[in-house]
Amino acid sequence: MRLSGQKVIALVDEEFEDLELWYPVYRVREEGAEVHLAGEQKGKTYVGKYGVPATAEYSFGELSSSDYDGILVPGGWAPDKLRRYPKVLELVKEMHADHKPIGQICHAGWVLISAKILNGVTVTSTPGIRDDMENAGAIWKDEAVVVDGHIISARRPPDLPPYGKAFCDALAAKATK
């Protein structure tokens, strides 16, 4: 339970990639951290691409980055919606400024692009948004998981085991500093 006492935000919106939300959430919870699902509307149930539901325990507006140790951004089509909320971008920018772990997988890179935090950062993503990532100034690698400081990125569902471990390792390392 090396993450006991830590708190993580997991962002949700319609058509998140089911595994890319739930696998990291459960992985972080298994290590003892508290994970809060956050959506535009508190209490709303968002549905993943394959029908798995996720109910937002908090609205974005209720959250303060200072109360959390990290943030998870799922893939799927949700990132295209998430990046349009000013509060989501604010949370990501603040987490970045505080060097708190930011996990992003697949299309989640769109949120980091819109937050303008990828210039000079080495990352991965689904190959479908490689050009977007590089145009935002990122150095893109075709690897299962890329860790550049506090930004942990992965490509797709088969990469979830090393991605989950890398995100938990980053949280644990931050806690010991």
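This is a predicted model: local features need pLDDT of at least 70, side-chain atom pairs count only at pLDDT 80 or more; totals for chains, interfaces and linings use all residues.
Two strands pair if DSSP finds at least two bridges between them.

**Exercise 1. Determine in which sense β10 and β11 pair, and describe the turn of their hairpin.**

Step 1: Strand β10 covers residues 145-148 and strand β11 covers residues 151-154, and the two are joined by four bridges in the antiparallel sense.

**Exercise 2. Describe the surroundings of Thr124, and decide whether Thr124 is buried or exposed.**

Step 1: Thr124 belongs to the loop between β8 (122-123) and α5 (130-135).
Step 2: With a relative accessible area of 0%, Thr124 is buried, since buried means under 20%.
Step 3: Beyond its neighbours within four places in sequence, Thr124 is in contact with a set of residues including Gln104, Met133, Trp140, Val146 and Ser153.
Step 4: Lys141 is also one of these contacts, and the side chain of Thr124 reaches the backbone oxygen of Lys141 at 2.6 Å.

**Exercise 3. Find how many aromatic pairs the whole structure has, and characterise each of them.**

Step 1: A search of the whole structure finds two aromatic pairs.
Step 2: Trp22 and Tyr26 form a stacked pair, with 5.3 Å centre to centre and 25° between the planes. Both residues lie in helix α1 (residues 18-30), four residues apart, which is about one turn of the helix. Trp22 is buried, with a relative accessible area of 15%, whereas Tyr26 is partly exposed at 46%.
Step 3: Phe60 and Tyr85 form a tilted pair, with 5.2 Å centre to centre and 50° between the planes. This pair links distant parts of the chain, 25 residues apart, with Phe60 in the loop between β5 (58-59) and β6 (70-73) and Tyr85 in the loop between α2 (78-82) and α3 (86-97). Phe60 counts as buried at 3% relative accessibility, and Tyr85 is buried with a relative accessible area of 18%.

Methods. Residues are numbered from 1 along each chain as its sequence is written. Side-chain values use heavy atoms; hydrogens and water are left out. Buried means under 20% relative accessible area, exposed over 50%, partly exposed in between (1.4 Å probe, protein chains only). A polar contact is a pair of N or O atoms within 3.5 Å; within protein, one must be able to donate a hydrogen and the other to accept it, and residues adjacent in sequence count only if both atoms are side-chain atoms. Contact means heavy atoms within 4.5 Å. Rings of Phe, Tyr and Trp (its six-membered ring) pair if their centres lie within 6.5 Å; planes under 30 degrees apart count as stacked, over 60 as edge-to-face and the rest as tilted.
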